[in-house]
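Here is a short briefing on one protein chain. Read it with the structure open beside you.

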Amino acid sequence: MSKHLLLAFILLLSLDAFAQTLCVQENKAWVLGEFKRPPNVNPVISPKTDTEFFCPMRQERVKWEESDTFNPAAVVKDGKIVVLYRAEDNSAQGIGSRTSRIGYAESADGIIMTRRMEPVLFPAEDANKVLEWPGGCEDPRVAMTEDGLYVMLYTAWNRNKARLAVAISRDLINWKKHGLAFGRAYDGRFKNLSCKSASLVTRIKDDKLVIEKVQGKYFMYWGESAVFAAVSDNLIDWTPVLDENNELKVLATPRNGYFDSLLTECGPPALMTDDGIVLIYNGKNGQHDGNGDSEYPAGAYCAGQFLFDKNDPCKVLDRLDKPFFYPEAPFEKRGQYVDGTVFLEGLSYLNGKLYLYYGCADSQLAVAICDYNF
């Protein structure tokens, strides 16, 4: 064998070993998936111009979902998947400038949706007025207790400050608002904290995805610029976890050079598995100057996964270096959010499958599915 052929052969072996190393690194046993987009069905929810309701804030009939429908929660009720999605009217132009309300859709197969004509959660003449007028109710995450109580954590947006709020329901249609998630903690210390994106810890029990306690407390991951934690005894009043300096305990942060270099925003309910607690999150990619990952568009939202210790839920055991889900379809790359996004917020379990619902470029809503044996 000539020297050149020998060098080429060694190079091929090295590249193959490198590829196998990457494969081992990213195809980890604890990772949820592989999530696949079902062919020729997405987006499953798009804006509609023929649905109206009387808005108590504007005191007129409003086409409440005519501009954008995105960022959904998802749960199962009576053998059907219910998707609760953020819908924007056409009252203004620009991200964050319209009013958001929460719509309702249900599906027997997770794909074909039947939608209600009116929203189920919206800014109203109630005690939450100061929190929600005029921006509305955004980006819900929903999970269910074993006895059928549904808990929604959503962003109350008054166009001044975004804050986590709580609502509960038994039927997913009639919701009781309970105000700020952190409003009573530490004598109100965090009631004016800008906060969003809460992922309750859940587990699959008796073929249902239900809220799970961790060391005797309900537990959530939350945050956009970093991952934080909070605990609760009643699912309504939440206490942020603090560090040794009496400040918010930081569990994980963005990383320079990666797809999550700008944000690590918590996604759908976290899932407790035999390996630990898996948290799906939405990473925002930085610019291609060493800050972000050049394999993905600058500014794009791609999805990652954390593995936390189920005995110490604040401890990160592992983390993906590459996104397991990223914008691919045209409607994921183009829309109200021009850099493209797959923004994951809804996770449900039905008949041996996980259904993952996500917003597409802040404009439409889609689903990806995987088989799941626990």
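Contact means heavy atoms within 4.5 Å. By that rule, among contacts between residues at least 6 apart in sequence, 57% join residues at least 24 apart. This is a predicted model, in which local features need pLDDT of at least 70, side-chain atom pairs count only at pLDDT 80 or more, and totals for chains, interfaces and linings use all residues. Residues are numbered from 1 along each chain as its sequence is written, and side-chain values use heavy atoms, with hydrogens and water left out.

**Overall build**

- The chain has three helices and 24 strands. These are DSSP runs, numbered from the N terminus: helices are H or I with at least four residues, and strands are E with at least two.
- The radius of gyration of the chain is 21 Å, which agrees with the value near 21 Å for a compact globule of 374 residues. The radius is taken over C-alpha atoms, and the globule rule is 2.2 Å times the number of residues to the power 0.38.
- Along the principal axes, the C-alpha atoms fill a box of roughly 85 × 50 × 45 Å.

**Surface and charge**

- Of the 374 residues, 57% count as buried. Buried means under 20% relative accessible area, exposed means over 50%, and partly exposed lies in between (1.4 Å probe, protein chains only).
- The chain exposes about 16000 Å², and carbon and sulfur atoms supply 50% of that area. Accessible areas come from the Shrake-Rupley method with a 1.4 Å probe; for residues, only the protein chains shown count as cover.
- There are 42 positive and 50 negative charges, and their mean positions are 2 Å apart. Lys and Arg count as positive, Asp and Glu as negative; His and the chain ends are not counted. The place of a charge is NZ of Lys, CZ of Arg, CG of Asp or CD of Glu.

**Nonpolar cores**

- A nonpolar core is a set of buried Ala, Val, Leu, Ile, Met, Phe, Trp, Tyr and Cys residues joined through side-chain atoms within 4.5 Å.
- The largest nonpolar core has 27 residues. Those with the most contacts inside this core include Leu-32, Phe-35, Phe-325 and Tyr-358.
- Elements that give two or more residues to this core include β19 (277-284), β22 (342-350) and β24 (364-371).
- A second, separate core has 25 residues, among them Leu-153, Ile-168, Phe-182 and Ala-198.
- Beyond residues up to four places away in sequence, Phe-35 touches Phe-324, Phe-325, Leu-347, Leu-354, Leu-356, Ala-368, Ile-369 and Cys-370.

**Two cis peptide bonds**

- The bond from Asn-42 to Pro-43 is cis, with omega near -5 degrees. Pro-43 sits in the loop between α1 (3-26) and β1 (53-55).
- The bond from Trp-133 to Pro-134 is cis, with omega near -5 degrees. Pro-134 lies in the loop between α2 (129-132) and β7 (136-144).
- Pro-134 has a relative accessible area of 31%, so it is partly exposed.
- Leaving aside neighbours within four places in sequence, the contacts of Pro-134 include Met-57, Arg-98 and Trp-157.

**Positive phi outside glycine**

- Asn-40 has phi near 60 degrees, a positive value in a residue other than glycine. Asn-40 is in the loop between α1 and β1. Its relative accessibility is 84%, so Asn-40 counts as exposed.
- Asn-71 has a positive phi of about 45 degrees, although it is not a glycine. Asn-71 belongs to strand β3 (residues 68-77). Its relative accessibility is 3%, so Asn-71 counts as buried.

- Tyr-258 is in the loop between β16 (239-240) and β17 (263-266). With a relative accessible area of 30%, Tyr-258 is partly exposed.
- Tyr-258 and Asp-293 are 35 residues apart in sequence, but their C-alpha atoms are 4.7 Å apart in space.
- Cys-266 is in strand β17. Its relative accessible area is 0%, so Cys-266 is buried.
- Leaving aside neighbours within four places in sequence, the contacts of Cys-266 include Arg-141, Tyr-221, Trp-222 and Tyr-281.
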